[in-house]
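Please open the sequence and the model side by side before reading on.

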Amino acid sequence: MNLDLVVKISKAYSKVCKSLCRELKLPQTAFDILMFLANNPKYKTASDVVEIRKLKANLVSVNVDKLVNEGYLRREAVEGDRRKTRLVCTQKAQQVIEKGRELQSSFFELSFKGIDEKTRKNFFETLETVSRNLETVLKEDN
């Protein structure tokens, strides 16, 4: 996979998200943060969003504040670490998350249009093997 494909996927996904973000009156970054937290429950903090999504800390901070102020997220203290705050999706966020997941599902289907089930299965098995190989590299001592 080359970088051009990664850029195309990112641009196409952003384009598909625009109308939903307009409908929800949310900046795309706020929408992306909400969906990231909803789809990846092991990540719970703004620092996780910055580290994993590679977004600028100030951009995450501004958008998390917006999501909290509008009632989509709430902050909770992390026991044992007074400097850390966990971000929790609220009930109000559930409708946005549901619409976002529908959009993600249709984007996935559009991306794999014309690809038979066997080829899809092989593709995902290959990605899983690549993921395991990369985990091994990350765990190795330097």
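The points below go from the whole chain to single residues.

1. **What kind of model.** This is a predicted model, so please read every value here as computed from predicted coordinates.

2. **The whole chain.** The protein chain has 6 helices and 2 strands. Read from the N terminus, the order is α-α-α-α-β-β-α-α. The C-alpha atoms fill a box of roughly 45 × 45 × 25 Å along the principal axes. The chain has 142 residues, and 25% of them count as buried. Take the contacts between residues at least 6 apart in sequence: 47% of these join residues at least 24 apart.

3. **Helix α1, its length.** Start with α1, which covers residues 3-24. The helix has 22 residues. From first C-alpha to last, α1 reaches 31 Å. That is close to the 32 Å expected at 1.5 Å a residue. Look along the helix for a kink of about 35°, centred on Lys18.

4. **Helix α1, its buried side.** Which residues of α1 are buried? They are Tyr13, Cys17, Leu20, Cys21 and Leu24. An α-helix has 3.6 residues a turn, so residues three or four places apart point the same way. Now ask what the buried residues of α1 pack against. Their partners are α2, residues 28-39, and α5, residues 91-111.

5. **Two lysines with positive phi.** Just after α1 comes Lys25, with a positive phi of about 60°. Lys25 is not a glycine. This residue sits in the loop between α1 and α2. Is Lys25 buried or exposed? Lys25 counts as exposed, because its relative accessibility is 68% and the cut-off for exposed is over 50%. Next, find Lys54. Lys54 also has a positive phi of about 60° although it is not a glycine. Its place is the loop between α3, residues 46-53, and α4. Lys54 is exposed, with a relative accessible area of 67%.

6. **Where α2 meets α4.** Two packed helices are described by the angle between their axes and the distance between the axes. For α2 and α4 (residues 57-69), the angle is about 80° and the axes are 9 Å apart. The two helices are therefore roughly perpendicular to each other; the range for that word is 65 to 115 degrees. Which residues meet here? On the α2 side they are Thr29, Ala30, Ile33 and Leu34. On the α4 side they are Leu59, Val60, Asn63, Val64 and Leu67.

7. **Salt bridges, the count.** Side chains of opposite charge can pair when their charged atoms come close. How many salt bridges does a search of the whole structure find? The search finds 7.

8. **Lys99 and Glu23.** These two form a salt bridge, and their closest N and O atoms are 2.6 Å apart. Lys99 lies in helix α5 and Glu23 in helix α1, so the pair ties together parts that are 76 residues apart in sequence. Lys99 is partly exposed, at 27% relative accessibility. Glu23 is partly exposed too, with a relative accessible area of 48%.

9. **Glu109 and Arg120.** The side chains of Glu109 and Arg120 meet in a salt bridge, at 3.3 Å from N to O. Glu109 belongs to helix α5 and Arg120 to helix α6, residues 117-139, so this pair ties together parts that are 11 residues apart in sequence. Glu109 is partly exposed at 40% relative accessibility. Arg120 counts as buried, because its relative accessibility is 13% and the cut-off for buried is under 20%.

10. Salt bridges that share partners join Arg74, Glu76 and Arg86 into one network. Within it, Glu76 pairs with Arg74, and the closest N and O atoms are 2.9 Å apart. Glu76 counts as partly exposed, at 25% relative accessibility. Arg74 is partly exposed as well, with a relative accessible area of 39%.

How values were computed. Residues are numbered from 1 along each chain as its sequence is written. This is a predicted model: local features need pLDDT of at least 70, side-chain atom pairs count only at pLDDT 80 or more; totals for chains, interfaces and linings use all residues. Side-chain values use heavy atoms; hydrogens and water are left out. Helices (H or I, at least four residues) and strands (E, at least two) are DSSP runs, numbered from the N terminus. The expected span of a helix is 1.5 Å times one less than its number of residues. The bend at a residue is the angle between axes fitted to the seven residues ending there and the seven starting there. Buried means under 20% relative accessible area, exposed over 50%, partly exposed in between (1.4 Å probe, protein chains only). Contact means heavy atoms within 4.5 Å. A salt bridge is a side-chain nitrogen of Lys or Arg within 4 Å of a carboxyl oxygen of Asp or Glu. Axes are lines fitted to C-alpha atoms, for helices over the stretch in contact, and angles run from 0 to 180 degrees between N-to-C directions. Angles under 35 degrees count as roughly parallel, over 145 as roughly antiparallel, 65 to 115 as roughly perpendicular and the rest as oblique.
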